[in-house]
Amino acid sequence: MDLLKLDYNHMMTEFVGPAGISPADLAALDAQAKDAVLAMKTKRAEGKIDWRDLPHNQNNIIEDILSYVAEVKDDFDAFVVLGIGGSALGPIAVQQAINHPYYNELPREKRGGYPKLYVADNVDPERLVYLFDTIDITKCLFNCISKSGSTSETMSQFMIIKEMLEERLPKEEVKKHIVCTTDKEKGNLIRIAKEEGYKTFFIPSGVGGRFSELTPVGLLPAAMCGIDIKALLLGAAVMDERSNEEDWQKNPAFLYGALHYIAMKQGKNMSVMMPYADSLKYISDWYAQLWAESLGKKYDLDGNVVQVGQTPVKALGVTDQHSQVQLYTEGPFDKVIVLLGVEEFKETITIPKTYQDIPSLGFLGGVTQNQLIQTEQMATEYALLKSGKPNMTITLPRVNEFTLGQLLYFFEVATAFAGELLHINTFDQPGVEEGKNATYAMFGRPGYEEKKRELDARPAKKAAYQL
Ligand code: PA5
């Protein structure tokens, strides 16, 4: 079976010296980690972390998604996701990991007959207008994804596109071009979907945005692009089983969370995610949100000000060897570097023996690019080791739905475990709300008058500090 592997040798003092983690550090965490294991188990039993059960309880949903995809996929040139944050990063990461990197540019038959995929997340007006230059909206299916149904970015795009569809298509046709993914009961989007008769998929109420990739948030866009969502969930189920291991030092996801927790306590306030595969590049974006929004918290569960968290840094091997690795090796001891490698790529390409007479190029002749990327990964690992920088390696035997399901679930469990150790609420995001509320207030949204007054009372900027 293709299983995810975690190698944390180079997190240990034995290898990287004083910046690492010692067996005594692990032993000192044992009681706290055992409490965290128990807390996770109890929360699951009490139905407080519903995302844990997603690999097992969605048979009907999968059938609904697959039959919907089979019914509509031939009717559209493109499937366009309207969503942001947890409603966009997962769909992008999974699409990029599994499908051809130039998927949209391939002829339809090479896409298995599936539509193109676009994800419109930001509200940059140029981007949306340029998307309209690229697609014929009358041949697109728009998937509006919003758990809350009130996210300004997503709902503004939805309103723009709905109006455009209404201008171009008969009223009865419009609803065939919209599918909504939202909460079953709460929020504007479910109300709109019911009133206007859109096909709807649901996000379980107990599953928050950044933990929702394995719900229809991610499953529908994936299936619409021919990705095997059953295999994705099977991979997650396998990782769930591994994550049920109660000995935290034998549980890869718990250990990942624990090692990062100890490192955080030792002042490593950054978590670098560096895949050595283009297919996994966007996993770093998804991970960045998961890690940052879940663990970056001002208060602990007892209301103490703790201001914890680790800044996620996105990097790509080997590209960022020529950009960031200088800092990682010679800069401060303030980060944990995670190398994410792949044993077997989908393709092999051999470098020709073109310049055998030039020693500094000749050594490349006959070597595959597969060997080159993997050797460079090992070389970076060595450079980090030599400079005493804690790092670990996650390896996927190959990138497919089954291993990707493991990887996503692994990071979710690891994040939740780190949150337990930090004794924080992993699943809220009050810091995001502040910015959202300030936006509402500036636009004069009813109910935000007090916030508007608060904003208006902020110190005026000084001309002296402006050039
Ligand atoms: O993780 C989260 O909760 C957020 O990133 C949300 O996914 C994001 O803000 C979008 O929210 P919604 O799905 O309600 O539109």
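The following legends describe close-up views of a predicted model.

**View 1. Division of the protein into two domains.** Domain 1 is made up of residues 5-44 and 233-422, whereas domain 2 covers residues 52-227. Taken over C-alpha atoms, the centres of domain 1 and domain 2 are separated by 30 Å.

**View 2. The interface between domain 1 and domain 2.** At this interface, 29 residues of domain 1 are in contact with 23 residues of domain 2. The two domains bury about 2300 Å² between them, and 64% of this area is on carbon and sulfur atoms. Eleven residue pairs, both members at pLDDT 80 or more, are in polar contact between domain 1 and domain 2. On the side of domain 1 that touches domain 2, the elements that give two or more residues are helix 2 (23-45), helix 10 (229-243), helix 12 (283-295) and helix 16 (401-422). The residues on this side of domain 1 comprise 14 nonpolar, seven polar and eight charged residues.

**View 3. Salt bridges between the domains.** Three salt bridges are counted between domain 1 and domain 2. A salt bridge is formed by D240 and R52, whose closest N and O atoms are 2.8 Å apart.

**View 4. The salt bridge between R398 and D2.** In the model as a whole, the count of salt bridges comes to 30. In one of them, the side chains of R398 and D2 meet with an N to O distance of 2.6 Å. R398 is located in the loop between strand 12 (391-396) and helix 16, and D2 in the segment before strand 1 (5-7), so this pair ties together parts that are 396 residues apart in sequence. R398 has a relative accessibility of 29% and therefore counts as partly exposed. D2, by contrast, is buried, because its relative accessible area of 18% falls under the 20% cut-off.

**View 5. The salt bridge between E246 and K41.** The side chains of E246 and K41 meet in a salt bridge at 2.8 Å, N to O. This pair links distant parts of the chain, 205 residues apart: E246 belongs to the loop between helix 10 and helix 11 (252-265), and K41 to helix 2. E246 counts as partly exposed at 43% relative accessibility. K41 is also partly exposed, with a relative accessible area of 48%.

View 6. A salt bridge joins the side chains of E172 and K175, with 3.4 Å from N to O. E172 counts as exposed because its relative accessibility of 56% is over 50%. K175, at 29% relative accessibility, counts as partly exposed.

View 7. P459 is found in the segment after helix 18 (449-456). With a relative accessible area of 71%, P459 is exposed. From C-alpha to C-alpha, P459 and Y287 are 36 Å apart in space, and they are 172 residues apart in sequence.

How values were computed
Residues are numbered from 1 along each chain as its sequence is written. This is a predicted model: local features need pLDDT of at least 70, side-chain atom pairs count only at pLDDT 80 or more; totals for chains, interfaces and linings use all residues. Side-chain values use heavy atoms; hydrogens and water are left out. Domain bounds come from an automatic or database domain assignment. Contact means heavy atoms within 4.5 Å. Buried area is the accessible area (1.4 Å probe) that two parts lose on being put together, summed over both. A salt bridge is a side-chain nitrogen of Lys or Arg within 4 Å of a carboxyl oxygen of Asp or Glu. A polar contact is a pair of N or O atoms within 3.5 Å; within protein, one must be able to donate a hydrogen and the other to accept it, and residues adjacent in sequence count only if both atoms are side-chain atoms. Helices (H or I, at least four residues) and strands (E, at least two) are DSSP runs, numbered from the N terminus. Ala, Val, Leu, Ile, Met, Phe, Trp, Tyr, Cys and Pro count as nonpolar, Asp, Glu, Lys and Arg as charged, and the others, Gly among them, as polar. Buried means under 20% relative accessible area, exposed over 50%, partly exposed in between (1.4 Å probe, protein chains only).
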